[in-house]
Amino acid sequence: MDNLVLIAVLGVVLLVIVTLMRTAVVVPQQMAYVVENLGKYSRTLNAGFHILIPFVERVAYKHTLKEQTIDIHEQVCITKDNVQVRIDGFIYLQVLDPKQASYGITDYLFAISQLTQTTLRSEVGKIDLDRTFEERGAINVSVVNDVDKASAPWGVKVLRYEIKNISPSNDILDAMEKQMRAEREKRAVILSSEGERDAKINQAEGEKQRVIKESEANRQLQINEAQGEAEAILAVARATGEGLGEIARALQQPGGDGAMRLRIAEQYITQFGHLAKEGNTFVVPANLSDLASMLTLASTVLRGGGAGANGSGGAPRS
């Protein structure tokens with residue numbers, strides 16, 4: 001009898017322990033448990049210690065509230081110019097509403113993964129292959145916006161998406177390498193031609209400046225020569241005027257007329273002597289023997305010139 005009672009007590013104690021183990025729940029930090037009451041949603045348990053109603057309530061779903069990373073497997077995408085590329089990446093998400101994540105969809109991780117792949121194919125199909133590498137940031141943003149909008153009813157927030165690799169086929173890689181090589185050669189030829197053009201332009205500009213400088217130098221030389229000739233002419237004119245003035249003043253002095261006649265006679269004879277030396281034939285005046293009349297004529301001319309030079313304006317003396 002006592003043994004039966006002891007067994008019954010032990011059974012009750014064991015049942016209580018098992019019940020407590022099934023009804024006492026400790027929720028870790030950054031976790032959320034969804035509790036159902038007889039198969040119906042009851043409440044969401046946050047971090048801490050909780051007691052469930054035995055045989056009535058149970059933990060149906062467990063969700064982490066941490067940011068999660070999903071590896072989006074490599075897939076083949078076709079660009080706008082019909083080139084196949086293989087793209088893979090990562091998407092980052094976080095559960096905001098555990099209830100919606102439990103009852104809004106069967107498996108939100110699988111659904112978001114599939115939705116990301118389809119959205120990625122759609123975005124890549126809008127751009128050419130060359131722009132695919134340049135527009136990675138724009139593709140990432142577009143995928144996040146579209147997937148986040150679709151996953152909002154599931155209580156999940158899509159934070160960001162990152163493309164990991166873009167891998168064209170080997171044929172495309174070879175074609176791209178040839179294209180890049182051709183572009184580099186083209187740029188090299190253009191730079192070389194531009195360099196030659198600039199060199200010719202600089203050479204022509206230098207030649208132009210040289211010609212301009214030479215013409216300016218020639219002009220300045222001509223100006224200087226003309227100024228020198230003008231100054232020389234003025235100097236000769238001034239000297240001639242001063243000489244005539246001196247002659248006029250000398251003629252006014254006593255004995256000036258006789259000295260003038262003597263000088264004229266000397267020059268007259270000297271010049272005729274030169275004519276005789278330079279040629280065998282020459283023309284002489286008819287009155288060559290009348291030296292006195294020639295002297296009188298020359299004296300008259302010189303007196304007139306001297307009077308004009310000193311401004312006396314008087315009649316010449318006989």
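These exercises work through a sheet, the helices across it and a group of aromatic rings in a predicted model.

Residues are numbered from 1 along each chain as its sequence is written, and side-chain values use heavy atoms, with hydrogens and water left out. Local features need pLDDT of at least 70, side-chain atom pairs count only at pLDDT 80 or more, and totals for chains, interfaces and linings use all residues.

**Exercise 1. Give the strand order of the open sheet and find its edges.**

Step 1. Take strands as DSSP runs of E, at least two residues, and helices as runs of H or I, at least four, both numbered from the N terminus. Two strands pair if DSSP finds at least two bridges between them.

Step 2. Read the order. The 3 strands run E6-E7-E8, with antiparallel pairing.

Step 3. Find the edges. E6 (68-78) and E8 (156-168) each have a single partner strand, so one side of each lacks a neighbour in the sheet.

Step 4. Check one pairing. E6 and E7 (residues 84-95) are joined by 9 bridges. Thr69 has Tyr92 as its bridge partner in E7.

**Exercise 2. Find the aromatic pairs and classify them.**

Step 1. Set the cut-offs. Rings of Phe, Tyr and Trp (its six-membered ring) pair if their centres lie within 6.5 Å; planes under 30 degrees apart are stacked, over 60 edge-to-face, the rest tilted.

Step 2. Search the whole structure. There are 2 pairs.

Step 3. Classify Tyr41 and Tyr103. Their centres are 5.9 Å apart and their planes at 80°, so the pair is edge-to-face. Tyr41 lies in E3 (residues 40-45) and Tyr103 in H2 (residues 98-103), so the pair ties together parts 62 residues apart in sequence.

Step 4. Classify Tyr61 and Tyr103. With centres 5.5 Å apart and planes at 80°, this pair is also edge-to-face. Tyr61 sits in E5 (residues 57-64), 42 residues from Tyr103.

Step 5. Join the pairs. Tyr41, Tyr61 and Tyr103 form one aromatic cluster.
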